[in-house]
Amino acid sequence: LTDMTLKIISTEDILFEGEVTAVHLPGQAGRFTVLRNHATLIAALTAGTIGYESLEGHGELPIQGGMADIDNNVISVCVY
């Protein structure tokens with residue numbers, strides 16, 4: 001049961017693209033979690049770690065900052 005698609009990109013490469021069940025993001029106003037059917041949102045991200053959970057397990061990716069766009073169970077994250 002995969003609920004959402006997560007795409008993490010940088011200026012150089014696609015860092016992750018796949019189906020996930022939860023995403024944990026370091027927002028400027030604090031860390032937050034995105035689950036299925038989350039409200040549409042654009043959020044600025046600070047230095048920290050993006051965490052994600054999928055059927056294969058979980059992963060983490062350290063970032064210096066970026067932007068996240070959440071819309072219709074697609075989470076698109078542009079990081080630097």
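**Strands, a hairpin and a few side-chain links**

Strand β3 and strand β4 (residues 30-34) run antiparallel and are joined by 5 bridges. Strands here are DSSP runs of E with at least two residues, numbered from the N terminus, while helices are runs of H or I with at least four. Two strands pair if DSSP finds at least two bridges between them. The model is predicted, and residues are numbered from 1 along each chain as its sequence is written. Local features need pLDDT of at least 70 and side-chain atom pairs count only at pLDDT 80 or more, whereas totals for chains, interfaces and linings use all residues; side-chain values use heavy atoms, with hydrogens and water left out.

Now for the chain as a whole. What does the secondary structure of the protein chain come to? It comes to 0 helices and 9 strands, so the pattern along the sequence reads β-β-β-β-β-β-β-β-β. The protein chain has a radius of gyration of 11 Å, close to the 12 Å from the globule rule for 80 residues, so it is as compact as a globular protein of that length. (The radius is taken over C-alpha atoms, and the rule is 2.2 Å times the number of residues to the power 0.38.) The C-alpha trace spans about 30 × 25 × 15 Å along its principal axes. Of the 80 residues, 40% are buried, where buried means under 20% relative accessible area, exposed means over 50% and partly exposed covers what lies in between, using a 1.4 Å probe on protein chains only. Contacts are heavy atoms within 4.5 Å. Among contacts between residues at least 6 apart in sequence, 42% join residues at least 24 apart.

Back to β3, which covers residues 22-27. All of it is tucked away: 6 of the 6 residues of β3 are buried, so the strand is largely enclosed by the rest of the structure. In a regular strand, side chains alternate between the two faces of the sheet. In β3, Ala22, His24 and Pro26 point one way, Val23, Leu25 and Gly27 point the other way, and all of these are buried. On the β4 side, Val23 stands opposite Val34, and the two strands form a hairpin with 2 residues between them. One of the residues involved is Ala22, whose bridge partner in β6 is Glu53.

The structure holds 1 aromatic pair, made by Phe16 and Tyr52, whose ring centres are 4.2 Å apart and whose planes meet at 35 degrees, so the pair counts as tilted. (Rings of Phe, Tyr and Trp, with the six-membered ring used for Trp, pair if their centres lie within 6.5 Å; planes under 30 degrees apart are stacked, over 60 edge-to-face, and the rest tilted.) Phe16 sits in strand β2 (residues 14-20) and Tyr52 in β6, 36 residues apart, so to speak linking distant parts of the chain.

A search of the whole structure finds 1 salt bridge, meaning a side-chain nitrogen of Lys or Arg within 4 Å of a carboxyl oxygen of Asp or Glu. The side chains involved are those of Arg36 and Asp3, at 3.6 Å from N to O. Arg36 lies in the loop between β4 and β5 (41-45) and Asp3 in the segment before β1 (4-9), so the pair ties together parts that are 33 residues apart in sequence. Arg36 is partly exposed, at 49% relative accessibility. Leaving aside neighbours within four places in sequence, Asp3 is in contact with Val20, Thr21, Arg36 and Asn73. The C-alpha atoms of Asp3 and Glu19 are separated by 6.9 Å, although these residues are 16 apart along the chain.

Asn73 leads on to the loop between β8 and β9. Most residues other than glycine have a negative phi. Asn72, in the loop between β8 (66-71) and β9 (74-79), has a positive phi of about 55 degrees, and the phi of Asn73 is positive too, near 65 degrees. Which of these is buried, and which exposed? Asn72 is exposed, with a relative accessible area of 67%, whereas Asn73 is buried, at 16%. Not counting residues up to four places away in sequence, Asn73 touches Asp3, Met4, Thr5, Arg36, Asn37 and His38. Both Arg36 and Asp3, the salt-bridge partners, are among the residues that Asn73 touches.
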